[in-house]
Every structure is written in C-alpha cells, then in structure tokens.
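Welcome, and thanks for taking a look at this one.

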Amino acid sequence: MNDITITFVVLAVVVALFVIGRIPVGIIAIGTALALYATGVISMEQALAGFGDPTVVFIAALFVVSEALDATGVTTWAGEKLLAKVGDSRVRLVSAIMLLVAALTALISVNGAVAALIPMVVVLAVRLGRSTSQLLLPLAFAAHAGSMLTLTGTPVNIIVSDAAADAGAGAFGFFDFTLIGAPLVLGTITIAVFLGPRVLPHRAGVSMSPDLSRHAKTLAQQYSIAGGCDQSEAPLITKEDGVVEVIVPPRSEIIGDKVFPGMVTDSGDLVILAVQRAGENCGPNGVHLAPGDTLLLQGSWDDLDARTSVDPNVLVVDPPALIRKQAAPLGTRAVLSLAVVAAMVIMLTFGIVPSAIAGLLAACAMVLLRVISVEQAHRSISWTTLILVGGMIPLSTAIQQTGAAEKLANGFVDLVGDSGPYVVIAGLFLVTATLGQLISNTATALIITPIAVSVASELNISVLPVLMTVTVAAAASFLTPVATPANMMVMGPGGYKFGDYWKLGLPLLLWFLVVATVLIPVIWSF
C-alpha cells in the first residue's frame, strides 16, 4: 500500500475506535502516532513532535490558569453574585447561568468552566426547588457556544488559528472569534430559554458536593462555638484562615491520645477548636481519642490543606479547598489570579508574545505568586487531553504530507460540483459536525483542518472562512453525551439519558449552521 492508502486506513481505524469507545482515547492517540511511524508514513521525529507542539504547551498552561481561578474562589464568587440577582425567575436564572459559563469558558476552557459551575448550579437548583436536568444541559451547551468568544475558549480555536497562520493567511486574533461567538451565545441562550422547558426532562441527578456557602454558621451551631455568624468579631472562616472537620478512623495512630479544645497539634500549625463523640462535645477537660471521634481544626488554609490531605490518621469530612472556594471571602490571591489572567489576555490580544509563551508566563506566575501550589498545578492538567492532541497531530501531519488531504479535498469539491463556496461551507460544516458528535471535537478538528485547507486551495478561496466554519462546526457538539467531556460531566448530576441530548441539541446545531453559512462569509470574505 502507498502512504495515502495507509493514512486512510489509519484514519478509518482511529475514527472507528473513537466511536466504539472501548479503548482509552489517550491510547488511541499514541497508537495513531506509532502506527504511522511503524508503517513508514512519517519519521520518528514527526511521530513525537506533537507532544512538544506549542499548541499542546498552551493548552497545558490554560489548565493551570483555570485551576488558579477556581481554587481562589473566583468562579464560585462570580456565580453567586450573578445568580443572587436573578431571583426565582426561570428565564433570568437560565439566562444568567448560560451567560456566566460562556464568559468563564472564554477565559479558561469548556471543561474547566463547566466543572467549576456544576456544584454551584446543583446547589442552586436544590435551593429553588428546580430539577437539575432543566439547568445543567443548558450550562454545558452554553459553554460550547462561549468557547467561540475568544482564542483561549477551546483547543480547537488554537489549532485552527495555527493552521491559518501556516497557510499564510495569518493567525486569528484573540477577539476575532467574538464576532461569531457573540451571536452563537445569544442564539443558544434564546433557544434554551424558550425551548428547553418543553424538550428537557424533569429529573434529579446524582448528588454533588454539599452546599458549603454557610459552612461557618453550620459548624458554629454544630460545635456550639461563637464566631460562626457573619457579624461576629471572630469568624471561623476568613480570607486567610479556616476550619475543617476530621474523623478518627479505625487503627489510627492517634487513638488513645488525649486532646482538648484549644490544644495545638503536634505540627504546631493547627488548633483544635472542639472535639465531639457521638455528636456531643467532650468538654474543656479533654478526652482520649477513640475511633469515630470528630475534631474541628483551625489554621491557615495552606496549613489545613497540607496537614490534613496527607495525614493517614484522620479522614477529612469536607476538603479545605472545597470549603475555601464556597465559604471564604475573596482574598488577595483571587485578585492576583485575576490580574495574571488580565495580563495574559493583553499579551494574546496584542500579540506581544506567542500564545504558548503567554500561557506559560501566566501559569508560572500563578505558582510564583502562590496563587496555587506546584502540586495543584500538576493535578490541574488533563493529561488525557494533552496526549490526545499530541498523539493526533502526527495524523494531521500525515494527511497533509502524503497528499491525502488534497485527495479528500478533490473528492469533496467534485461532490459539491460548481455549487459555489456557500454550499462548500455548508457541506464542510455538516461533515465536521457529524464526526464531532461521535469523537472528540479536538480530534475532529485535527482530522478536518488539513482537509479544509486543501479545499480552500482547490477552490482558490480564502482559507479563513473555511477554517472558521470548521471551528464553529466542532463547537456544535450537542447531540450525544460522548461528544465532549463537558457533555459527560453533566450527565450524572443532571440525570440525563443518551437520548435527551439531541432534543435540545438539534435546534442548536441548526443555529450554528445558519451562523456558519450566513455570517462567516460576511466577516471573512471568500
């Protein structure tokens, strides 16, 4: 077989494996690069080049930036402030949720924004007596639309922007996507607000993390401690300090140790505020610890996280990081995280440095300014996403290098005939969107992008409207839960079934098609 045939076979196998879903996507991506190398289609350097590609580096940096905003409570605070203004109106509630997630997605990522807001939306649904299934799918779909607002909204934007630059047309600017993203977001909200109640189910999903927004007051009442109310002179939770409950498990080494309220722990960093056994305070004289005893510890947020997260002698009831995000006021680190994000956006907007460099500078600044720890930065990175992108880049290279992209483009152009560029745009949208419902939209973009460049070349039209169409189509991942991680994230909490997605997703897909075929050619002419 020649190289083109081998590339087509590998492409077909990869798509089939993605659809079947039995093999982890990271293994498929690595296997793709190895298969192309083993068959001699690409060199070893090309097979491994994807993992050091600037696109992969930038995406990794964005995960760290996203974690910093989430860890400092910025996302939770913004959500609570916005949603506090909507009252019990369903229209205002759904609109506010969708606007918030779209704005967050533009700054961080689809998955990061959805993951940050799911617990808040679930708690809000419980408070207002609404079904989570009425709120969470609009949340995920608005994030997809919001990913089109800026360059950093999704890895697909970065991939397509780099492809435009490589094709000699110049990369898309940071806010170029806003011209398309704004109408996509507004249309998505309108459709979800008016059509959602008719097509979305009324179900309660799997319970999420508890509502900890009033955690200080709850603990003050539980342990009969002053300082839990907001007006107290000595609150339990502040910007710098907090509290955490721990339980003594069986076989703990601290069983039998005597403790009492006011005692400093062995590390010298934490103070024991109260001790309970069977729900009753043990009193000021102390008690010898037994399995099942509960201790309320106070200290700085950093010390609470460091001392309780790795101590095998206690079990943490609610992690300090979760409490801090929901219950602690915004502190100086939240301001620092916003300042770093603003600096990154400025660098990207004016092209001061390449996007990968801007992302790395922002990620390093988050760690150096102690907004997050090195460990948090490491944990924040989705290695599956990076491996997927890095492993699929060699397939994109092979499609271009072997002439497969040109052959596919010729076939596509022959199929649409002399129908004109608008029909080409519509056809390319449908091909991309269909594939994107079955496999990762990032993987879809890596497969379709070189084909789209060749189509533009064959028709002698500008590559910009063609590539922007691919971006919009890849974002239209609405019909299945497997289309994106964000769709999967809301499935459990929303109580959704596989067939629930397309009922709201199909009208949204049609709206994206209209925007792609009507508006894109107006902004970027053929």
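This is a predicted model: local features need pLDDT of at least 70, side-chain atom pairs count only at pLDDT 80 or more; totals for chains, interfaces and linings use all residues.

**Nonpolar cores**
- The largest nonpolar core holds 145 residues, and Met392 and Phe429 have the most contacts inside it.
- Helix α4 (residues 54-71) supplies the largest share of this core, with 12 residues.
- Leaving out residues up to four places away in sequence, Met392 touches Val14, Phe18, Ala29, Thr32, Ala443, Leu446 and Ile447.
- Another core, of 28 residues, lies apart from the largest one; Ile237, Leu270, Leu295 and Leu304 are among its members.

**Helix α14**
- Helix α14 spans residues 332-350, and its 19 residues reach 27 Å from first to last C-alpha, close to the 27 Å expected at 1.5 Å a residue.
- Its buried residues are Arg333, Ala334, Ser337, Val340, Val341, Met344, Val345, Met347 and Leu348.
- Viewed down the axis of α14, these buried residues fall within an arc of 160 degrees, so they line one face of the helix.
- Thr332, Val335 and Phe350 are exposed residues on the face of α14 turned away from the buried side.

**Val490**
- Val490 sits in the loop between α22 (485-489) and α23 (491-494).
- Val490 counts as buried because its relative accessibility is 0%, where the cut-off is under 20%.
- Beyond its neighbours within four places in sequence, Val490 is in contact with Val114, Ile118, Leu136, Leu137, Ala140, Gly495, Tyr496 and Tyr501.
- Leu139 is 351 residues from Val490 in sequence, yet their C-alpha atoms are 8.5 Å apart in space.

Terms used: Residues are numbered from 1 along each chain as its sequence is written. Side-chain values use heavy atoms; hydrogens and water are left out. Helices (H or I, at least four residues) and strands (E, at least two) are DSSP runs, numbered from the N terminus. Buried means under 20% relative accessible area, exposed over 50%, partly exposed in between (1.4 Å probe, protein chains only). Contact means heavy atoms within 4.5 Å. A nonpolar core is a set of buried Ala, Val, Leu, Ile, Met, Phe, Trp, Tyr and Cys residues joined through side-chain atoms within 4.5 Å. The expected span of a helix is 1.5 Å times one less than its number of residues. The arc is that of the directions from the helix axis to the C-beta atoms.
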